[in-house]
Amino acid sequence: MRDIKEGNPTEQEIRSWHEKSGLPLKIFFNTSGLKYKKFGLKDKLAIMSEDEQYALLATDGILVKRPWLVGDEKVLLVGFKEKK
């Protein structure tokens with residue numbers, strides 16, 4: 001168990017998770033978050049390289065969608081949807 005808001009994942013961790021997950025990198029972004037909206041990332045991600053996106057995700061755990069289930073061979077996005 002790890003609170004990535006307090007201990008940001010490193011760029012290398014995010015790269016590894018991305019590769020193991022088989023998911024598009026844009027899925028890793030917390031699109032509901034205030035920082036995502038504040039920085040206008042919806043428009044910026046399309047013109048950013050993968051390296052730039054990895055670096056950005058590593059700057060702040062708030063930018064990373066969560067929760068994730070990380071194993072040795074596989075990474076799953078569990079996600080969170082509040083019941084209404």
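The following exercises, each with a worked solution, concern a predicted model of a protein.

**Exercise 1. Overall architecture**

Determine which secondary structure elements the protein contains, in what order they run, and how its radius of gyration relates to the globule rule.

*Solution.* 
Step 1. The secondary structure amounts to 4 helices and 2 strands.
Step 2. Read from the N terminus, the order of these elements is α-α-α-α-β-β.
Step 3. The radius of gyration is 12 Å, and the globule rule for 84 residues gives a value close to this, 12 Å; the protein is therefore as compact as a globular protein of that length.
Step 4. Along the principal axes, the C-alpha atoms occupy a box of roughly 35 × 35 × 25 Å.
Step 5. Buried residues make up 30% of the 84 residues.
Step 6. Of the contacts between residues at least 6 apart in sequence, 59% link residues at least 24 apart.

**Exercise 2. The packing of α1 and α4**

Describe the geometry of the pair α1 and α4, and state which residues form their contact.

*Solution.* 
Step 1. Helix α1 covers residues 11-21 and helix α4 covers residues 50-59; their axes lie 8 Å apart, at an angle of about 120 degrees.
Step 2. The crossing of the two helices is right-handed.
Step 3. On the α1 side, the contact involves Glu11, Ile14, Arg15 and His18; on the α4 side, it involves Glu50, Asp51, Tyr54, Ala55, Leu57 and Ala58.
Step 4. Sorted by class, the residues of this contact are 5 nonpolar, 1 polar and 4 charged.

**Exercise 3. Buried residues of α4**

Identify the buried residues of α4 and name elements that cover them.

*Solution.* 
Step 1. Gln53, Tyr54, Leu56, Leu57 and Ala58 are the buried residues of α4.
Step 2. Their cover includes α1 and also α3, which spans residues 41-44.
Step 3. Among the buried residues, Tyr54, Leu57 and Ala58 also take part in the contact with α1.

**Exercise 4. The surroundings of Thr10**

Locate Thr10, decide whether Thr10 is buried, partly exposed or exposed, and list its contacts.

*Solution.* 
Step 1. Thr10 belongs to the segment before α1.
Step 2. The relative accessible area of Thr10 is 39%. Buried requires under 20% and exposed over 50%, so Thr10 is partly exposed.
Step 3. Leaving aside residues up to four places away in sequence, Thr10 touches Arg2 and Ala58.
Step 4. Thr10 and Leu63, 53 residues apart in sequence, have a C-alpha to C-alpha distance of 13 Å.

Technical notes:
Residues numbered from 1 in each chain as written. Predicted model: local features only at pLDDT ≥ 70, side-chain atom pairs only at ≥ 80, totals over all residues. Heavy atoms only, no water. Axes fitted to C-alpha atoms, helices over the stretch in contact; angles between N-to-C directions. Left-handed = near helix turned anticlockwise from the far one by under 90°. Contact = heavy atoms within 4.5 Å. Nonpolar A, V, L, I, M, F, W, Y, C, P; charged D, E, K, R; others polar. Rg over C-alpha atoms; globule rule 2.2 N^0.38 Å. Buried < 20%, exposed > 50% of the residue type's maximum accessible area, 1.4 Å probe, protein only.
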